[in-house]
Amino acid sequence: MGLFQRIKDDLRTGIATLRLGTVHAAGRALEETELLRMRLELRKLDQQLSDLYKDIGERAVDMKERGETAERVVYDAEIVRLVKEVEVVKESQKKLEAEMEAIRNEQ
């Protein structure tokens, strides 16, 4: 095998390795971008939860100050609606966290 042939083979091997590395880096960048988007979504869900808890607390305190019984506070339609929203947001968080874990495990 001549010197020219060896150089040609080495060049082909190098280009193939470079292409493979580029594909791997691009895939990794997409995964990291998706994880970042998911983390931002998780923060939004955390903020929603915080707002819902605040609304529930304010409503409960307001009702109690008006002299409502504890039972009336617990079964208040607005509080029940807000608690259901909390459950929905928490379920969304769990799904999102599971998706994030699946992406991390692929790496």
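**View 1. H1 passes H3 in a left-handed crossing.** A crossing is left-handed if the near helix is turned anticlockwise from the far one by less than a right angle. This is a predicted model, in which local features need pLDDT of at least 70 and side-chain atom pairs count only at pLDDT 80 or more, while totals for chains, interfaces and linings use all residues. Residues are numbered from 1 along each chain as its sequence is written, and side-chain values use heavy atoms, with hydrogens and water left out. Helices are DSSP runs (H or I, at least four residues), numbered from the N terminus. The axes of H1 and H3, lines fitted to C-alpha atoms over the stretch in contact, come within 9 Å and cross at roughly 160 degrees. H1 and H3 are therefore roughly antiparallel (angle over 145 degrees).

**View 2. The buried residues of H3 pack against helix H1 (3-65) and helix H2 (70-74).** Contact means heavy atoms within 4.5 Å. The buried residues (under 20% relative accessible area, 1.4 Å probe, protein chains only) are Ile79, Leu82, Val86, Val89, Gln93, Leu96, Met100 and Ile103.

**View 3. Asp76 caps the N-terminal end of H3.** Asp76 is found in the loop between H2 and H3 and is buried, with a relative accessible area of 11%. One of its side-chain oxygens lies 3.3 Å from the backbone nitrogen of Glu78. Asp76 touches Arg59 and Met63, leaving aside residues up to four places away in sequence. With the side chain of Arg59, the Asp76 side chain makes a polar contact at 2.9 Å.

Conventions. Buried means under 20% relative accessible area, exposed over 50%, partly exposed in between (1.4 Å probe, protein chains only). Helices (H or I, at least four residues) and strands (E, at least two) are DSSP runs, numbered from the N terminus. A polar contact is a pair of N or O atoms within 3.5 Å; within protein, one must be able to donate a hydrogen and the other to accept it, and residues adjacent in sequence count only if both atoms are side-chain atoms. Axes are lines fitted to C-alpha atoms, for helices over the stretch in contact, and angles run from 0 to 180 degrees between N-to-C directions. Angles under 35 degrees count as roughly parallel, over 145 as roughly antiparallel, 65 to 115 as roughly perpendicular and the rest as oblique.
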